[in-house]
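Please look over the model shown below before reading the report. The text is meant to be read with the coordinates open.

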Amino acid sequence: MSGHLLSLTLAGPFVAAVVVFLLPQSARLAIRLASLAGALVPAATSAVILSRYDVARGGFQLEEHLPLIPRLGVSWHLGADGIAVALLVLTALIHVTSVCTSWSLKSREKEFFLFVALLVTGVYGVFVSLDLFLFFLFYELAVLPMYVLIGIWGSSMDVPGRGPFGGLFKKVGVGLKEYGAMKLTLYLLAGSAFILVGIFVLWVQGGSTFDYVALSRVTFAGASGRTLFLLFYVGFGVLAGIWPFHTWSPDGHAAAPAAGSMMHAGVLMKLGAYGVLRVGFGLLPAAAADLAWLVGLVAVINIVYGALGAGWQKDIKYLIAYSSVSHMGVVMLGMATLNAAGITGSVYQMVAHGIMTALFFTLVNLVYDISHLRDMTRMGGFAHAMPALATFFVIAGLSSLGLPGLAGFVAELLVFLGAWTSAHPWWLVPGVLGAFITALYVLRAVRTIFLGQAPPADLHLRDARGAEWATCLLLGGALVVLGVWPKLLLDPIGAGVGELLTRLGR
Amino acid sequence: MGFQAAALEILVLAVAGLVLLWDLASPGGRARGNGPYVLACVGLGALFVASFFVTAPASLTDAFVLDGFALYVKRILLASALLAIVGMGPYLKARGSGGRSAEAIVLLLFSTVGAMALVSARELLTLFVAFELVSLPLYVLTALEKERRSSPEGALKVFLFGSVSSAILLLGIGFLFAATGTTFWMQVAAWPHDRLVGLGAALVLVGFGFKIAIFPFSLWVPDTYQAAPAPVVAFLSVAPKAAAVAALFRLVFELFGPAGVGIKSWLVLLSAITMTVGNLLALRQQDLKRLLAFSGIAQIGYVLAALAAGTPMAAGLALFYFVAYLVSNAGAFLVVAALETAGEAPTLHGARRLVRRSPALAASMLVFLLSLGGIPFVLGFWGKMYVFLAAAQAGLYGLVFLGAVLAVVALFYYLSVARLMFMSTDDGPDVPVAAPLLAAIVVCALVAGIGGLLPQRLVNSALSAAETITVPSSR
């Protein structure tokens, strides 16, 4: 099977989805075990892929090629470079932990695990596709199940949706989860309309092929190249949460169930950033270099705006969601620097942010499940009753504000280094300002939720247990490991970025 | 004279004749058994299989040709008629119109013959006669349940619109004849383009526009679909459209193109308007049949994008699209038929919590909705993508973009049906479905599902079929 490691990775969750579909609703344990197996197989293969990836050689490895519809230039072409490998590892980690965190789910588990498995299949697929049609197919597959996940298992708390349509939805009596689900789906699919047109233009101008490698030999220069780049930037950027298309993200995240927001903030938003990097920067290097100023400008707006937004929130889910907007800004800023340090940092931040946000959402949902509170102002002193959760929250928070020794530090340091040596060193100012505001709101959240006087006894608080411990330990541990041993992922990422830089002519 | 070119049509007529004879000969008077259904289903099934052994190309005079393209569409038409007849059995019985079953079947078969002839026609009067033969039986079929109040009204609407469209088509043909003095395409096509030819072409296009429900000629569609029996709509919403679009492709390739009539910009405009209006109006519907009617209008808008592209590849991809559309749209209407058979109203409310009341029906309907919505790994996804691809290849990027955005809008209403079926907390009585009907629905769902995973053979066969379109040889 060694020749088909990537297909095997995809097959894991897909087979799990089929098995779960065939199992009866009453086979609760079997459903969970099948889902876990479906998560562990790709986790194992990702680990093998990471260990097999030849850093010295670089480029796409483990390629699989099987013509699907040759007359239209569609093929089953898979392959992974260092960037994809790092993101595969991230996905595997989030996948396993999101199954763990949903272990105690009590309503319609069959459908839930089915849709999670489908979503993850899509995510893995996007990261390993070297055929743009396949890429798009998996991209859609990753986005759509979210609608169901939020729509059924989301939080129905009556928090009014924001944005221009919030009032409208409130008026027709639609709850937050319906609002969040629909808004998210429509935003992301509208984004994919841009992507689709872009891919078709590539197909027409690139000689009737969807093959990434073949297309990467074609030059798309000038104004049409820039238009194409903008199509991809906006299309993928919606999912990456770039300003001003980020507004689906807080509402969607706040409404989603634990595993949903973990998946979404942890992995799905990375699909957007990955798309911009892979398709935008990879296939349209000239246009990307021309428009890097725009990407960088929007990125710093994201960083500062997201951080301010997070600082403004009382609802912890909204706080984490806005902090994601800010951190995705760091990812985009890294790309815009167009240098090795910046882009490597960008990819590293994708991984670091994925893990840290997943941990955040796990914790926030646990705190909510235990206390039934999401409003920070009504919390306080929770550390007395839940020391473990408090500890993990602090770890995630410190990674978020970039404390050395944790994954977030490595990423931010690289991105800021890249910014400093780029053509626009002034980007560093808003970037660092964002990091500063992050420190403020993270520490404030830690203080108001966990520190202070012990909470009133009628809240019946408890600490993490069982599968919850496992989830936190895995994610928190990963943050520490990636913080003290960054080489583990930096080497493959560097190999992937090196090739990208050659294409960018730098 | 190569009668094998028309063999399939003749055999369908023979099946219709047998059904009529059976009906006359059966002693039970009005309370007749399943004979006509079984006969028609077996006959159509056999013909569908036989169609794979028919040799093309063949021609019965210059007026009637059978090429791979026509043959492919004829298979779609046969399958569509078969599905509709399977659905009709339990439907008519449950609703107390079982006594009219033989007439209904015969009428449906006549309409099928018309549709099959339409794709082979290469002479304007043959085209017109085929066109009429598609429509006339459908007027009657719409009013099949004449006891229901809305039924005659819907039939009247389709009749009036249909007659007007025929008249306009005939006028167009008249102009073409007046300009060129012939009705044979190869001679019309050789004629230099002048104003009269252009006018004739425009009128022909409008006539077809009514028939395949291009906006703004689609006003009759929702009312008619609502009035007609659901299994009839399963046929009405697919077969005549597939035939007419195929005929339009032939017109574009063989007649308008060579004659230098530029209708591309008109088609682009009609495609844009049709998909926009169809999708937007579907958003507000509470009645499943109306919702699917508007969604069908929108779907035709997508196909027009391929027609506007006007390449042989686009024709092939449109054929593939119609296969996807056949299984998803006919399947969806058969689900509606199953709901109505079980005594449930064909509304969104009627589909509430279907997943508990009939899991197989709900799962199949979900596949159909996803397919119509163009969700990955279902046949409809590939159909839609390829139609857009064809449009992109012709440089119609604006249309592609509009279509992609509207596909998102469409998802809103498709998902709203899915949401009711799966997420509603409201419940209702169980929905029993007759075995043959359920089998037909499940087969459609399987084709849509498995075809979505492995579309290459279908795509390849459709592309090959379209390449065989025979362009008039003698100029």
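This is a predicted model: local features need pLDDT of at least 70, side-chain atom pairs count only at pLDDT 80 or more; totals for chains, interfaces and linings use all residues.

Residues are numbered from 1 along each chain as its sequence is written, chains are lettered from A and ligands numbered from 1 in the order in which they are written, and side-chain values use heavy atoms, with hydrogens and water left out.

The contact (heavy atoms within 4.5 Å) between the chains involves 33 residues from chain B and 32 residues from chain A. About 3100 Å² is buried between chain B and chain A, with carbon and sulfur atoms giving 82% of that area; buried area is the accessible area (1.4 Å probe) that two parts lose on being put together, summed over both. On the side of chain B, Leu389(B), Tyr397(B) and Met423(B) lose the most area to chain A, together 18% of what that side buries.

Beyond its neighbours within four places in sequence, Tyr386(B) is in contact with residues including Ile69(A), Leu72(A) and Phe320(B).

In chain A, helix 17 (residues 407-421) has 15 residues and reaches 22 Å from its first C-alpha to its last, close to the 21 Å expected at 1.5 Å a residue, where the expected span is 1.5 Å times one less than the number of residues.

The structure holds 14 salt bridges over all chains, each a side-chain nitrogen of Lys or Arg within 4 Å of a carboxyl oxygen of Asp or Glu, and 0 are counted between chain B and chain A. Three of them are tabulated.

| Salt bridge | N to O distance |
|---|---|
| Asp491(A) and Lys487(A) | 2.8 Å |
| Arg250(B) and Glu254(B) | 3.1 Å |
| Arg352(B) and Glu344(B) | 3.7 Å |

Both Arg352(B) and Glu344(B) are buried (under 20% relative accessible area, with exposed over 50% and partly exposed in between; 1.4 Å probe, protein chains only). Lys487(A) is exposed at 52%. Asp67(B), Arg122(B), Arg250(B) and Glu254(B) are linked in a network of salt bridges.

Over all chains, 0 disulfides (pairs of cysteine sulfur atoms within 2.5 Å) are found.

Key. Helices (H or I, at least four residues) and strands (E, at least two) are DSSP runs, numbered from the N terminus.
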